[in-house]
Amino acid sequence: MIVTDQDLVFKALADSTRRLMLDALHEQSGQSLGALEEIVAGHTDMSRFGVSKHLKVLEAADLVIVRKQGRQKLHYLNPVPIRVIYDRWIDKYTESQVRALTNLKQRAENHHE
Amino acid sequence: MNDLSTQVHGIYIDAPAEKVWAALTSSEYSNQYGYGGDIEIDLVPGGALRHLTTDVMKKMGMGEVAVTGTVVEADPPNKLVLDWSAVWHDEPPSRLTYEIVEGPSGLTRVTLTHELPQSPGTAKDVAGNGNVENGGGGWPWELSSLKTLLETGKPMTTAGA
């Protein structure tokens with residue numbers, strides 16, 4: 001089986017600690033490993049190594065982008081992969097429903113003319 | 001309230017860097033993805049940028065121009081730095097940087113960094129809130145639709161078209 005970019009995103013999202021880290025970066029983007037470690041420690045018992053490993057998974061899925069600022073590495077949330085999944089995948093299933101409603105609206109409006 | 005003062009948006013696009021550059025800087029492409037509208041840009045330091053409005057935006061009450069700006073650095077096809085202002089907010093210009101790097105496999109990495117410490121209203125809008133029909137897609141939707149256009153050749157516009 002070929003592992004696609006989207007597989008990496010779904011895999012990254014399928015873990016509560018990683019979702020907690022994404023939520024933390026959504027609240028405040030551009031955080032250091034130490035800051036994220038503290039946030040995770042408030043919820044679950046995890047080593048710095050564990051947090052770092054989770055960050056690597058999020059980076060591989062492109063949900064987190066690392067930027068160097070001086071000597072510090074800051075982690076930024078990248079919302080784009082989730083948007084791409086929405087546009088490519090979820091839209092596909094909702095499109096027909098929207099089109100059905102649009103057609104209904106048009107028929108109803110024509111009926112009044 | 002979440003902090004949106006520095007936003008980093010990244011995407012991989014299966015297209016050469018030159019094509020991505022053209023899509024970001026020319027009206028030929030700009031009307032086929034994202035919010036649409038013509039682009040006027042003088043690609044030299046100090047050059048002017050104007051992103052014009054579409055008919056839909058004009059119907060929503062906007063004038064001729066949606067975005068104004070100044071080119072800080074233009075290094076085609078790899079780097080474009082702009083001072084960028086959304087005309088619908090009365091806020092100071094923000095710093096927008098595109099980094100475009102084509103990898104050995106032919107995939108091009110586009111990283112957009114938007115620094116808007118003094119422009120909270122603009123920051124909120126460009127971050128995207130998912131409601132594309134009302135123009136709320138922001139950068140994530142703009143980049144996603146850029147990817148769709150360059151990879152499939154199919155235009156993807158909602159708010160602007």
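**Strands, helices and a contact between chains**

Me: How do you know that strand 7 and strand 8 of chain B pair?

Reply: Strand 7 (residues 94-102) of chain B and strand 8 of chain B are joined by 8 bridges and run antiparallel. Two strands pair if DSSP finds at least two bridges between them, so these two qualify. Strands (E, at least two residues) and helices (H or I, at least four) are DSSP runs, numbered from the N terminus. This is a predicted model, in which local features need pLDDT of at least 70, side-chain atom pairs count only at pLDDT 80 or more, and totals for chains, interfaces and linings use all residues. Residues are numbered from 1 along each chain as its sequence is written, while chains are lettered from A and ligands numbered from 1 in the order in which they are written.

Me: Which residue stands opposite B:V101, and what lies between strand 7 and strand 8 of chain B?

Reply: B:V101 stands opposite B:R109 of strand 8 of chain B. The two strands form a hairpin with 5 residues between them. In that turn, B:G106 has a positive phi of about 95 degrees.

Me: Which residues make up the covered face of strand 8 of chain B?

Reply: The covered face holds B:T108, B:V110, B:L112 and B:H114. B:R109, B:T111, B:T113 and B:E115 form the uncovered face. In a regular strand, side chains alternate between the two faces of the sheet.

Me: Where is the cis peptide bond found?

Reply: The bond from B:P76 to B:P77 is cis, with omega near -5 degrees. B:P77 is in the loop between strand 5 and strand 6 of chain B. Those strands are joined by 8 bridges and run antiparallel.

Me: Why are helix 2 and helix 3 of chain A called oblique?

Reply: Helix 2 (residues 16-27) and helix 3 (residues 33-41) of chain A pack at an angle of about 120 degrees, with axes 10 Å apart. Angles under 35 degrees are roughly parallel, over 145 roughly antiparallel, 65 to 115 roughly perpendicular, and the rest oblique. The helices are therefore oblique to each other. Their contact (C-beta atoms, placed from the backbone, within 7 Å) is made by A:T17, A:L20, A:M21 and A:A24 of helix 2 of chain A and A:L36, A:I39 and A:V40 of helix 3 of chain A.

Me: Why is A:D62 called partly exposed?

Reply: A:D62 has 19 other C-beta atoms within 10 Å. A residue is buried at 20 or more, exposed at 12 or fewer, and partly exposed in between, so A:D62 is partly exposed. A:D62 also has a positive phi of about 65 degrees although it is not a glycine. A:D62 is in the loop between helix 4 and strand 1 of chain A.

Me: How many residues does each chain give to the contact between chain A and chain B?

Reply: Chain B gives 14 residues and chain A gives 15. Helix 5 of chain B supplies the largest share of the chain B side, 6 residues.

Methods:
Axes are lines fitted to C-alpha atoms, for helices over the stretch in contact, and angles run from 0 to 180 degrees between N-to-C directions. Two residues are in contact if their C-beta atoms, placed from the backbone, lie within 7 Å.
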